[in-house]
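Open the model in your viewer and keep the selection panel at hand. This tour moves from one selection to the next and says what is there.

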Amino acid sequence: MEAHNGILRKICRIYQDDPIDQHDLLQEILLQLWLSYDSFRGDSQFSSWMYRVAFNTAIVFFKKEKRRQDTFVTAPNNQLPEELQPVRDKGEQLKIFYRAVQKLNKVEKALIFLYMEGQSGKEIAAILGITPLNVRVRLGRTKDKLKYIIKTLGYEF
Amino acid sequence: MNFDNLKDAWADDRTDDIPLAVRKIPLDETASIVARLRRNMQREFLLQVIGFVCLIVVVLWSPGNALSIFIVSTAVFLLLTQAVYYFSRFYLFYKAVGRYDLGLRKSIYKITYELELNMEIYKSFNYCIAPLVALIVAGSMTTSLFVIFIVSGVAQIISFFLFDLYVRTRYGRRLAELKKIMEDLETEE
């Protein structure tokens, strides 16, 4: 599990923006991985099984009642700023990317995460339970949406 | 913007700022809808058992004539029969709920279905037992058939609205969000 904890942390970061929620989600995913381990039969890669458990947990994980409610943005509705600030530093770009991903819905987050992890369309389809064609179309649309969100944040790269 | 150019920075990102496993297993604090459902079921089972014990005490201490004793005894029998049936359903559901290793689409379907089904069973259980509990309590305190009838009828009506409101308040928003995700996954683009 230690070998994969970077992946789990990234999943927590894209699904929750609050550090306490990220921590709680990480605990929840670890718990579910532990509880579900009996179901891992070795006929698929460990990482694929882990992605399934982690995403299923992240998607049914809701913010605590007292904290801010989950956002479920279906389409960007912000206006573009008049001037966009170019960003060259990769680390800075990644920080902005994480901020933008927060505005995607839960399925789009899973899609973009798996894409960034270098999973193939077929593998993403198996993890999400949708067709590879559907993955391709959704991924293209999600990337466009993400680019638009980054622009609404005032950045360009 | 080129996403492929960002992949290197993504791969190098260590994300060490989120501490790993510094607390004990957070079963009591989890925000997972399935864990919350299971936790609520445990609490409610305990409350129901306490409620039944209180009811038995009320029945044993109550004075009454032959008719009210007959009514109360019949209601207790019906109540226990229904409770055994529903608790066995709840127990089976409790053991089966929450499998996280399926594909996302199947998993969301399963959780949404289980949540909605459990909400309906819970409402129907309380809708069935509320008038019986009212009948037993009223039958133990008065011998007036009219009063017993009115109390049971009012309990039936109140329970319908009360438990509907209760489950909607407790799980309604989560269920709506799960359905939204389900619809999203269902849409073939």
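Start with chain A, whose elements run α-α-α-β-α-α-α-α-β along the sequence. That gives 7 helices and 2 strands. Helices (H or I, at least four residues) and strands (E, at least two) are DSSP runs, numbered from the N terminus.

Before going on, note that this is a predicted model: local features need pLDDT of at least 70, side-chain atom pairs count only at pLDDT 80 or more, and totals for chains, interfaces and linings use all residues. Residues are numbered from 1 along each chain as its sequence is written, while chains are lettered from A and ligands numbered from 1 in the order in which they are written.

**Colour by confidence**

Colour both chains by pLDDT, the predictor's confidence in each residue, from 0 to 100. Chain A has a mean of 83, with 87% of its residues at 70 or more. Now select residues 71-75 of chain A: here the pLDDT is below 50, and the stretch has 7 contacts in the model beyond near neighbours in sequence. Two residues are in contact if their C-beta atoms, placed from the backbone, lie within 7 Å.

Chain B averages 81, and 87% of its residues score at least 70. Within chain B, confidence is lowest in helix H2 (residues 33-61), at a mean of 81, and highest in helix H5 (residues 145-186), at 89. The model as a whole scores ipTM 0.76 and pTM 0.75.

**Inside chain A**

Among contacts in chain A with a separation of 6 or more, 69% join residues 24 or more positions apart.

Next, select H4(A) and H7(A). Their axes lie 9 Å apart, at an angle of about 110°. That makes the two helices, H4(A) and H7(A), roughly perpendicular (65 to 115 degrees). Axes are lines fitted to C-alpha atoms, for helices over the stretch in contact, and angles run from 0 to 180 degrees between N-to-C directions.

Which residues meet? A:Ile96, A:Ala100 and A:Val101 in H4(A) meet A:Leu146, A:Ile149 and A:Ile150 in H7(A). This contact has 6 nonpolar, no polar and no charged residues. Nonpolar covers Ala, Val, Leu, Ile, Met, Phe, Trp, Tyr, Cys and Pro; charged covers Asp, Glu, Lys and Arg; the others, Gly among them, are polar.

**A helix pair in chain B**

Switch to H2(B) and helix H4 (residues 104-141) of chain B. They pack at about 10°, with axes 12 Å apart. H2(B) and H4(B) are therefore roughly parallel (under 35 degrees). Among the residues making the contact are B:Leu37 and B:Leu55 of H2(B) and B:Leu115 and B:Ile136 of H4(B). The contact divides into 11 nonpolar, 2 polar and no charged residues.

**The interface**

Bring both chains back. The contact between them takes 52 residues from chain A and 39 from chain B. On the chain A side, H2(A) gives the largest share, 10 residues. That side divides into 24 nonpolar, 15 polar and 13 charged residues.

**The core**

Finish with the largest nonpolar core. It has 74 residues, and A:Ala54, A:Ala58 and B:Ile136 touch the most other members. A nonpolar core is a set of buried Ala, Val, Leu, Ile, Met, Phe, Trp, Tyr and Cys residues joined through C-beta atoms within 7 Å. Zoom in on A:Ala54: leaving aside neighbours within four places in sequence, A:Ala54 is in contact with A:Leu8, A:Ile11 and A:Ile29.

Conventions: Angles under 35 degrees count as roughly parallel, over 145 as roughly antiparallel, 65 to 115 as roughly perpendicular and the rest as oblique. A residue is buried if 20 or more other C-beta atoms lie within 10 Å of its own, exposed if 12 or fewer, and partly exposed in between; C-beta atoms are placed from the backbone.
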